[in-house]
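Hi,

Here is the structure I promised to pass on. Have a look at it first, and my notes follow below.

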Amino acid sequence: MKKLLKYVIVDIVQNKIVMIYTLLLLIISLSVFNLENNAAKGLLSLLNIILIIVPLICVIFSTIYIYNSSEFIELLVSQPLKRRTIWLSLFSGLSVSLCLAFFIGAGIPILLYNADATGFMMIAMGLFLTVVFVSIAMLAAGLTRDKAKGIGLSILLWLYFSLIFDALVLFFLFQFQDYPLENIMIAFSFLNPIDLGRIQILLQMDISALMGYTGAVFREFFGNSTGIILSFLGLITWIIFPLIISLKKFKAKDL
Amino acid sequence: MIVAKNITKKFGKLKALDDVSVTFLKGECIALLGPNGCGKTTLIKSLLGMVVPDSGSIHFNNELITNKWMYRSQIGYMPQIGRYPENMTIANVIDMMKDIRKGIEKEPDEELVKSFGLKDMLQKKMRTLSGGTTQKVSAALAFMFHPDVLILDEPTAGLDPLSSEKLKQKIIQEKEKGKLVLITSHILSELDDLITEVFYMQDGKLLFHKKLAALKEETGEVKLSKAIAKIMIAQEAGL
């Protein structure tokens with residue numbers, strides 16, 4: 001696997017889109033930190049941008065990359081390699097290079113301007129979300145042969161996780177507002193990796209007090225080390241689960 | 001060497017392979033022929049494990065190939081259209097293949113790399129190459145690791161006359177070493193001095209598998225192209 005991984009990473013790192021993505025993140029994070037005189041405020045603005053942009057770019061870029069490599073994958077399958085090795089190399093290659101892009105583009109500015117627990121959590125969550133959405137992209141690309149459908153599906157999944165899911169939860173909240181829903185809300189947040197990331201970062205920022213009673217419940221559940229470990233486990237599940245399904249699909253795929 | 005029994009593969013409603021059974025032996029050079037869409041490429045891809053047949057079994061050196069992958073180290077495959085990662089140079093691609101095939105004792109055979117003149121453009125990126133040059137890279141890679149079986153899907157399509165002659169010489173040379181060579185091509189005139197057997201498919205079915213000499217005798221033609229044309233016309237008349 002190592003031998004293949006090296007070549008996949010070299011190929012992706014040289015990709016112009018990845019360079020532009022890195023540069024874009026760098027410009028956004030530097031300008032956000034320089035516009036606000038308070039680094040914590042800058043971090044909050046950066047949070048919202050990162051939670052939208054990182055999943056979007058990761059999911060779309062990875063999907064397109066996999067479709068564009070279909071002939072290359074075909075070539076590799078005809079070589080003495082396990083299909084599992086090929087698929088996992090692609091996944092790791094995409095994850096490592098996009099994580100690197102995120103770390104250079106957003107991680108380094110965060111470390112420069114706000115190197116505290118909140119900053120570290122934000123970097124960790126950005127990296128996690130990168131890998132999660134690469135995994136989701138692998139799933140979308142594994143499910144359908146048609147490039148347009150696959151990209152459509154990955155955009156839809158992104159839309160679902162960043163907008164539709166929250167709308168559904170809000171709808172649910174209003175429908176059942178007479179009932180105590182705090183614990184259910186905690187369960188819900190595990191259904192969306194972006195929410196998991198957001199909650200962890202917001203709790204680190206000490207502004208959960210503004211979120212009322214639910215914020216207090218969240219703080220109690222997620223704020224301690226057990227909660228942090230649980231949400232990390234949740235995110236890891238979000239990485240592994242789509243990847244395993246896509247791997248199963250790929251193993252049975254005709255090329 | 002390769003024994004396939006009753007393989008059937010459907011793509012939706014289309015039967016790409018319909019109960020095909022074949023035996024390919026060492027030292028043979030077999031032409032896979034047939035009209036477009038008759039299942040040649042699907043058959044090749046089944047042998048390579050790229051397509052998983054719905055039913056039937058394929059044995060390579062008496063070993064079932066389902067979910068196996070090591071047997072492919074003995075196959076050199078040249079695809080119809082080879083596409084490679086855009087940002088890699090020719091040297092990168094060759095290095096990568098060498099890395100993948102690590103563990104064979106013999107030195108890689110770089111004869112085609114030299115004779116195709118790829119040595120002078122090793123630093124060129126794959127996306128800047130013409131279709132013909134990409135084919136040359138594919139061909140060089142297929143022969144590089146001394147495979148026992150060569151599977152060539154339209155090897156000379158897109159190659160200039162000089163290069164395709166070089167490739168033909170290489171194929172003959174390998175055949176004489178006692179290797180199994182499978183070729184698909186629509187340029188029948190090229191195959192005359194290469195092949196020993198003809199494997200003809202139509203609509204996913206095996207129509208016949210004969211020695212070249214026997215085929216020529218039956219049809220009374222000297223040229224393979226004429227012989228095949230006769231059969232195709234007879235087929236159409238029969239329909």
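This is a predicted model: local features need pLDDT of at least 70, side-chain atom pairs count only at pLDDT 80 or more; totals for chains, interfaces and linings use all residues.

Residues are numbered from 1 along each chain as its sequence is written, while chains are lettered from A and ligands numbered from 1 in the order in which they are written.

The two strands belong to an open, mixed sheet of six in chain B, ordered β6-β7-β8-β3-β9-β10. Its edge strands, pairing on one side only, are β6 (75-78) and β10 (205-211). (Strands are DSSP runs of E with at least two residues, helices runs of H or I with at least four, both numbered from the N terminus; strands pair if DSSP finds at least two bridges between them.)

β7 (residues 149-153) and β8 (residues 180-184) of chain B run parallel over five bridges, and B:Ile151 is bridged to B:Leu182 there. On the other pairing, β6(B) and β7(B) are also parallel, over four bridges, with B:Met78 opposite B:Leu152.

Five of the five residues of β7(B) are buried, so the strand is largely enclosed by the rest of the structure. (Buried means 20 or more other C-beta atoms within 10 Å of a residue's own, with C-beta atoms placed from the backbone.) B:Val149, B:Ile151 and B:Asp153 point one way, B:Leu150 and B:Leu152 the other.

Enjoy exploring!

Key: A residue is buried if 20 or more other C-beta atoms lie within 10 Å of its own, exposed if 12 or fewer, and partly exposed in between; C-beta atoms are placed from the backbone.
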